[in-house]
Amino acid sequence: AGPVVITDDEVKQEYARRNEKITLDYVIINPADFNAGLEASEKEIKEYYDRNAQAFRVPATVNVQYVIIALPDKKEARAFAKALIPKANSAFGTDFMAAAKQAGYEARESGPFTKDQPLLTFAWSPDLVEKLFAMKAGATTPLLEMPDGWQIARVKEHKDSVVPDLAAIKEAVQKTVIAQKAYAKAQAKAEEVLKSIKESVATGKDLKTACQALGLNVQQT
């Protein structure tokens, strides 16, 4: 940094950037306020779904049964975990939870989760999450080392990413179509308001006075 030269003007600009503050008066035109009375026809719903089906894609999920063996002595925990694996494997066609209980451990079930929102109590690393999603239902992991012990996991259910049929998500599509109509109405109203405010300000009125004349609530940061 030795050869770098900082001018007084640059110092002032940086000082202003760090310290200068402003207060804003503002008006919000909320699209949610324009929902009343809006409807979506069967044709509009179908056309929107056909154009935007991928936007409704459901991500892949897995539901995992797992046993965590955490003991003060990590070697002892590994020995217990290795002893459980044969019992767990023999139970894949029946009941993993019961097999774990019979071996003296508490098995848990994660419930369905996605790659983006794993259950971090057991899916504690990105690599493990990738492995779980690459496994088929009924498959089990090898013995997995954790920071404080060992674990075994079995994929109970694996659902691939799919785009639901329109019938399954019709209500969601309908709400989206209506929301877009409300957004368009709000945008048109906002443009109308902006034009009116500019005209009022041009005649010397301030923002609050101009907005009050339009029946709008002015807020401040």
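Two strands are taken to pair if DSSP finds at least two bridges between them. Helices (H or I, at least four residues) and strands (E, at least two) are DSSP runs, numbered from the N terminus. The model described here is predicted: local features need pLDDT of at least 70, side-chain atom pairs count only at pLDDT 80 or more, and totals for chains, interfaces and linings use all residues. Residues are numbered from 1 along each chain as its sequence is written, and side-chain values use heavy atoms, with hydrogens and water left out.

The protein chain contains 7 helices and 6 strands, which follow one another from the N terminus as α-β-α-β-α-α-β-α-β-β-α-α-β. Of its 221 residues, 29% count as buried, that is, under 20% relative accessible area, against over 50% for exposed and in between for partly exposed (1.4 Å probe, protein chains only). The accessible surface of the protein chain, from the Shrake-Rupley method with a 1.4 Å probe, is about 15,000 Å², and carbon and sulfur atoms supply 53% of that surface. Among contacts (heavy atoms within 4.5 Å) with a separation of 6 or more, 70% link residues 24 or more positions apart.

Four strands form an open sheet in the order β3-β2-β5-β4, with antiparallel pairing. Strands β3 (107-109) and β4 lie at its edges, each pairing on one side only. From one strand to the next, the twist averages 35°. Strand β4 is joined by 3 bridges to the antiparallel strand β5 (residues 149-159), and Glu 145 stands opposite Trp 150 of β5.

Thr 141 is located in the loop that connects α5 (126-134) with β4 (144-146). Its relative accessibility is 7%, and Thr 141 therefore counts as buried. Apart from neighbours within four places in sequence, Thr 141 contacts Leu 132, Met 135, Ile 152 and Ala 153.

Helices α2 (residues 42-52) and α6 (residues 166-202) also meet: their axes come within 9 Å and cross at roughly 100°. Axes are lines fitted to C-alpha atoms, for helices over the stretch in contact, and angles run from 0 to 180 degrees between N-to-C directions. Helices α2 and α6 are therefore roughly perpendicular to each other, a term covering angles of 65 to 115 degrees. The contact involves residues including Ile 45, Tyr 48 and Tyr 49 of α2 and Leu 166, Ile 169 and Val 173 of α6. By class, the contact of α2 with α6 comprises 7 nonpolar, 3 polar and 5 charged residues, where Ala, Val, Leu, Ile, Met, Phe, Trp, Tyr, Cys and Pro count as nonpolar, Asp, Glu, Lys and Arg as charged, and the others, Gly among them, as polar.

Technical notes. Angles under 35 degrees count as roughly parallel, over 145 as roughly antiparallel, 65 to 115 as roughly perpendicular and the rest as oblique.
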